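Please go through the packing and strand arrangement of the model shown here, in questions and answers.

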Amino acid sequence: MSEYFITKAKFLAQQDNGLIKAVTELHLVDALSFTEAEARIGTELAGCRDLVLVTCKRSNIAEVVEHGGYDLWFKVKITYTATIEDSDKEKKIVLYLLVEAATVVMAEERARYHLKDMLVPFEVPSVVETKFAGILHHNPDKVREKPNVPEPSNPNEELEAKHNA
């Protein structure tokens, strides 16, 4: 099962005024493991000079809600209560969504609209702007290529042929 990883990459980038400056960017990567997340961010930023992956950690974001057209990402905290069947006790559940929007109000509205079919009542206690530069989604259509490795040769093949003859 895939999950989201937060990666922080540092590299040299040319600014609009022509100066080269060290830049640090956060990316959210949908991957199966730390290794895949690191590889995907390395591939995505392969053209950058002096690329260094500073951190790669698991994220508590459960789902990404995209609507297109905005560069801002907001982390929306959703809380609801669920009843445990065995003991009839209520448990508070916390869910985080990453929502693409222009403002905090729009992010909350989009999160509420996204969860409109949820059967239990929920609350939105916080909406916080994030500093993500981009989101890398898992692409199931892209088939990983098998590396072209030659078959291992048997160094004793000639000796065995002579011996069997």
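**Cores, helix and sheet**

Q: Which residues touch the most other members of the largest nonpolar core?
A: This is a predicted model. Its largest nonpolar core has 13 residues. Two or more of its residues come from each of β5, β6, α2 and β7. Those that touch the most other members are V76, I78, L97, V99, A107, V124 and V127.

Q: Which residues does the second, separate core include?
A: This core is separate and has 12 residues. Among its members are A9, A13, I41 and L136.

Q: Why are the buried residues of α2 on the same side of the helix?
A: Helix α2 spans residues 104–114, with A107, R110 and A111 buried. An α-helix has 3.6 residues a turn, so residues three or four places apart point the same way.

Q: Which strands do the buried residues of α2 pack against?
A: On the other side of α2, V105, E109 and Y113 are exposed. The buried residues of α2 pack against β5 (73–83), β6 (90–100) and β7 (122–129).

Q: Which strands stand at the edges of the open sheet of four strands?
A: The strand order is β3-β1-β2-β8, with mixed pairing. A strand with a single partner has one side left without a neighbour in the sheet, so the edges are β3 (49–58) and β8 (132–136).

Notes:
Residues numbered from 1 in each chain as written. Predicted model: local features only at pLDDT ≥ 70, side-chain atom pairs only at ≥ 80, totals over all residues. Heavy atoms only, no water. Buried < 20%, exposed > 50% of the residue type's maximum accessible area, 1.4 Å probe, protein only. Contact = heavy atoms within 4.5 Å. Core = buried A, V, L, I, M, F, W, Y, C linked by side-chain atoms within 4.5 Å. Pairing = 2+ DSSP bridges.
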